[in-house]
Amino acid sequence: MSDQRVVRPTPISGFPEWTPQVRAVEQRWLDHIRAGFESFGFASVETPSVENLDVLMAKGETSQEVYTLHRLQADAKDDSDARLGLHFDLTVPFARYVAQHFNELTFPFKRYQTQRVWRGERPQEGRFREFTQCDIDVINVDSVPLHFDAELPRIVHRVLSGLDIPAWTLNVNNRKVLQGFYEGLGVKDPIAVIRAVDKLHKIGDDGVREILEGEGLTTEQIDPCLALARIRGAGVVEEVRALGVVSELLEEGLEELAFVLNDLADLPEGSVVADLSIARGLDYYTGTVYEASFDDDPGYGSICAGGRYENLAGQFIRKRLPGVGISIGLTRIFAKLVAEGRIEAGRVCPTDVMVVVPNAERRADALRTGELLRERGFNTEVFHSTAKVGKQIQYASKRGIPFVWFPPFEEGGEHEVKDMAKGEQGTADPAVWSPAT
RNA sequence: GUGGGUGUAGCUCAGCCGGUAGAGCACUUGGUUGUGGUCCAAGAAGUCGCGGGUUCAAGUCCCGUCACUCACCCCA
């Protein structure tokens, strides 16, 4: 080592990265998810990593910590980039996208979008500043059929069931049920109640009661709110009605919820469950809401979430464009398995065959052999120098390459191939050889 | 943003009551001539996060700072 100064590489908190072995698995996941989305007819869309800040803030809620863009060399007066921010989810960019390409799209527009998003939060386990979301949304003019509210959980179920991950449950609720119920109780600020009840799993009944008392609710109001939040599973509609609260919005929400659940009745029991404690914070959702978590570790956070929103794109176009969407938190799920050592490492490299270069004179022949194998569909690399044969094989071994190819060491000699796992070696013809014995 | 923990070779860490750094793994080379995963031998590699202070002397004590990490908040 020289006495040159070195910039010590340190991990940047909240920006995960993987070894090739692990990345190989992640790529398989991505392929699987993509195929799952496409099997339902959703089309892929990709949007820039940045949006205008006023687009990102269109919701009016500045609760998200947005990373903004600026050039290092920009002089103090130059704020030409200051209006750009990295997107913190894919729904807002999607809404903008739909408004912008309105004329070119066919509705209802069904798209999937798998991209990284950025949030300037304090990272910790399962929570990142850069992570990948796999989003599917349906957006339509004026109204979106309720069938889509049921189709999205079905897609998620199909996709997640194909991945080797711990047991999870997708909880479903409907904002109208909560809001209608609270209104029926005469609560002044239903949103505040939704926020409080959303914390039920963490702070318990007493904690929620305390907050609600602070909001000025009476015991006669708080008790039904807590009772509502406890309702879960089959029979939710009847149980809610049994609480005796009446409101038009509540009834509407119950009917929607019942419709969705009924549509999903064929899924394995326990995979998609009605849970009236799910509220989804203060997001833009107005109807159906989804939230999935691991059964054995619900505190880890939601691994998949979404819902229905009325008119999200309304900020960008003078049309009513409601939608329903759901997002799989790929990074959060994947990182948990990586941390727990549950990812069975994939290949270090995609190479099927490594061709040995016997010596400088035979290199051209080795390259030709590599080309032939490649044309036949094998991922083939020709060793990068003329090191000792032992070194070359060792390299293949470390890289987990299953076959090492030996071109003739002398003009006119025979090719040989070695099965690294078995340690067996024999003559072979590169024009017809295949690893299946 | 608030509070706690940690910061020593590429990685995981040790370093007792202060006396100018160690292990394992990884890496390089060798164990001769065309063959890996084991073994043996040798070797290379450290601004002890950074800055300041106390001291004859600091990785070791004190202060500050940065980074990482955990909890809260919030969320995928």
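Helices (H or I, at least four residues) and strands (E, at least two) are DSSP runs, numbered from the N terminus. The structure is a predicted model, in which local features need pLDDT of at least 70 and side-chain atom pairs count only at pLDDT 80 or more, while totals for chains, interfaces and linings use all residues. Residues are numbered from 1 along each chain as its sequence is written, chains are lettered from A and ligands numbered from 1 in the order in which they are written, and side-chain values use heavy atoms, with hydrogens and water left out.

Helix 11 itself is mostly covered, with 7 of its 10 residues buried; buried means under 20% relative accessible area, exposed over 50%, and partly exposed in between (1.4 Å probe, protein chains only). The buried residues are Leu330, Thr331, Ile333, Phe334, Ala335, Lys336 and Leu337. Their cover includes helix 1 (20-38), strand 5, helix 4, strand 8 and strand 10, where contact means heavy atoms within 4.5 Å. Helix 11 (residues 330-339) lies across strand 5, strand 8 and strand 10, and runs at about 20 degrees to strand 10. Axes are lines fitted to C-alpha atoms, for helices over the stretch in contact, and angles run from 0 to 180 degrees between N-to-C directions.

An open sheet is formed by 8 strands in the order 1-4-5-10-9-8-6-7, with mixed pairing; two strands pair if DSSP finds at least two bridges between them. Strand 1 (43-44) and strand 7 (272-274) stand at the edges with a single partner strand each, so one side of each has no neighbour in the sheet. Strand 6 (residues 168-174) pairs with strand 8 (residues 288-294) in the antiparallel sense over 7 bridges, and Thr169 stands opposite Ser293 in strand 8. Helix 4 also packs on the sheet, where it touches strand 4, strand 5, strand 6, strand 7, strand 8, strand 9 and strand 10. The direction of helix 4 makes about 15 degrees with that of strand 10.

A contact between two helices involves helix 5 (residues 175-184) and helix 10 (residues 248-263), whose axes come within 7 Å and cross at roughly 155 degrees. The two helices are therefore roughly antiparallel to each other; angles under 35 degrees count as roughly parallel, over 145 as roughly antiparallel, 65 to 115 as roughly perpendicular and the rest as oblique. The crossing of helix 5 and helix 10 is left-handed, a term used if the near helix is turned anticlockwise from the far one by less than a right angle. Helix 5 contributes Lys176, Val177, Gln179, Gly180, Phe181 and Glu183 to the contact, and helix 10 contributes Leu249, Leu250, Glu252, Gly253, Leu254 and Glu256. These residues divide into 5 nonpolar, 3 polar and 4 charged. Ala, Val, Leu, Ile, Met, Phe, Trp, Tyr, Cys and Pro count as nonpolar, Asp, Glu, Lys and Arg as charged, and the others, Gly among them, as polar. Also in helix 10 is Ala258, which counts as partly exposed because its relative accessibility is 31%. The C-alpha atoms of Ala258 and Gly341 are separated by 40 Å, with the two residues 83 apart along the chain.

Strands 13, 14 and 15 are joined by antiparallel bridges. Strand 13 (residues 403-406) and strand 14 run antiparallel and are joined by 4 bridges, with Val417 of strand 14 as the bridge partner of Trp405. Strand 14 is also joined by 4 bridges to strand 15 (residues 424-427), again antiparallel, and Glu416 stands opposite Thr427 in strand 15. Strand 14 and strand 15 form a hairpin with 4 residues between them, and Gly423 in the turn has a positive phi of about 80 degrees. In a regular strand the side chains alternate between the two faces of the sheet. Strand 14 (residues 416-419) has Val417 and Asp419 on a covered face and Glu416 and Lys418 on an uncovered one.

Most residues other than glycine have a negative phi, and most peptide bonds are trans. Asp142, in the loop between strand 5 (130-139) and helix 4 (147-161), has a positive phi near 70 degrees, and its 46% relative accessibility makes this residue partly exposed. Asn311, in the loop between strand 9 (304-309) and strand 10 (323-329), has a positive phi near 60 degrees and is partly exposed at 29% relative accessibility. The peptide bond from Phe107 to Pro108 is cis, with omega near -5 degrees; Pro108 lies in the loop between helix 3 (91-100) and strand 4 (109-118).
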